[in-house]
Amino acid sequence: MNIYRMIDANINRVSEGLRVLEDISRFILEDSDMSRSLKEMRHIVRKSFSDSKLITFRDSCNDLGLSISQSSTIDNKEDLLSLVEANFKRVQEGLRSIEESLKVLGHYDKSKVYERLRYESYDLEKKFGLKKDFIDTDIYGITAEEFSLGRTNIQVVEEMIKAGIKIIQYREKEKSKLEKYNECKAIRKLTKDSGVTFIVNDDVDIAIAVEADGIHLGQDDMPIEEVRKIAGNMIIGLSTHNIKQAKTAVEKGADYIGVGPIFNTTTKKNVEKSEGLKYLKWVSENIQIPYVAIGGIKESNIIEVKKYGGKCFAMISEIVSSPDIVKKVESIRKLLKTI
Ligand code: 3NM
């Protein structure tokens, strides 16, 4: 049956991806723990079929798996990071395909094993330590059309990109789903063409549909663990307002946290209170994942935020309400260099 051939091809794909990653961790990064974990995963993938009837189908179609792997250009990567990313993707896609095929065949227990392996692979990718540090940048731009002086979100994003902002979040509370989807699709194209990280606020479905780099959640949104199940390895950010929320975000697997509001803001409705700068200082000293300071940050107070441990600064009104976004960003950057 063709579905067994599909499983076989994917077993090969997953094992090959794991082998490449294992070799990188062993010979280049010299990370024996990582290399062992990847090896164990590879053995589980191989072994889980050797004790089953499926093996008969595997042997009969080795050629297919081989030809797929030989025609693949996945290893033509110019740098290690791209190679690692591509191979984790290959592993995760293969695991998902096997998982779904097994469900169709009625092998539900085995399909659960593959689902677990897929989640483990997300963790390993994070631990691999080669993931792009997407927040290793100074300014985090966020859209808000109502404060954009009559400009559209698309025009503002174009300005932000021109200004050299490297991470942009689409945040729009009042528009319809379709309007948001259309804008996100256009922004995805602009950000992709310019190598800017693109995050969608709240709407996990839109983030997935437009292939955004990440999704940003609030405390009242779906739990991170659930979002992780559908968003896979996408960046997941979470707004936090106090120490307890920050600790929980880390435990639940957030890739970064928003820390705020640092100062009073009228941009976000019903924002939770926070100890602002004091909370930011605590995060800077105690939290190991990336964080972004947010809430009421302006050119006039950003130095203070930096002194309390701010490294990446999210600003809405200060940027989108500026008549000349390029000049505003230039001026903020110049100021940030003074301390
Ligand atoms: N989140 P402005 S404060 C979207 O504290 C948002 O989590 C916040 O807008 C939080 O830069 C905020 O105009 C609004 O003050 C930030």
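In which sense do β3 and strand β4 pair, and over how many bridges? They pair in the parallel sense, over three bridges. The model is predicted.

- Strand β3 spans residues 197-201 and is mostly covered, with five of its five residues buried.
- In a regular strand, side chains alternate between the two faces of the sheet.
- In β3, Thr197, Ile199 and Asn201 point one way. Phe198 and Val200 point the other way, and all are buried.
- On one pairing, strand β2 (residues 167-170) runs parallel to β3, joined by four bridges.
- Isoleucine 168 has phenylalanine 198 in β3 as its bridge partner.
- Between β2 and β3 the chain passes through helix α8 (residues 177-194), in a right-handed β-α-β crossover.
- On the pairing with β4 (residues 214-217), isoleucine 199 stands opposite glycine 214.
- From β3 to β4 the chain goes through helix α9 (residues 204-209), and this β-α-β crossover is right-handed.

**Salt bridges**

- The structure holds 29 salt bridges.
- Lysine 180 and aspartate 203 join through their side chains at 3.0 Å, N to O. This pair links distant parts of the chain: lysine 180 sits in helix α8, aspartate 203 in the loop between β3 and α9, 23 residues apart. Both lysine 180 and aspartate 203 are buried.
- Aspartate 255 and arginine 228 also form a salt bridge, at 3.0 Å, N to O. Aspartate 255 lies in the loop between α11 (243-251) and β6 (256-259), and arginine 228 in helix α10 (residues 224-231), so the pair ties together parts that are 27 residues apart in sequence. Aspartate 255 and arginine 228 are both buried.
- Glutamate 115 and lysine 112 meet at 3.1 Å, N to O. They are three residues apart in helix α6, so about one helical turn separates them. Lysine 112 counts as exposed because its relative accessibility is 52%, and the cut-off for exposed is over 50%.

**Arginine 118**

- Arginine 118 lies in helix α6 (residues 108-127).
- Is arginine 118 buried or exposed? Arginine 118 is buried, because its relative accessible area is 2%, and buried means under 20%.
- Leaving aside neighbours within four places in sequence, arginine 118 contacts Gln92, Leu95, Arg96, Glu99 and Lys229.
- A network of salt bridges links Arg118 with Arg96, Glu99, Glu100 and Lys103.

Terms used. Residues are numbered from 1 along each chain as its sequence is written. This is a predicted model: local features need pLDDT of at least 70, side-chain atom pairs count only at pLDDT 80 or more; totals for chains, interfaces and linings use all residues. Side-chain values use heavy atoms; hydrogens and water are left out. Buried means under 20% relative accessible area, exposed over 50%, partly exposed in between (1.4 Å probe, protein chains only). Helices (H or I, at least four residues) and strands (E, at least two) are DSSP runs, numbered from the N terminus. Two strands pair if DSSP finds at least two bridges between them. A crossover is right-handed if, with the strands pointing away from the viewer, the path from the first strand over the helix to the second runs clockwise. Contact means heavy atoms within 4.5 Å. A salt bridge is a side-chain nitrogen of Lys or Arg within 4 Å of a carboxyl oxygen of Asp or Glu.
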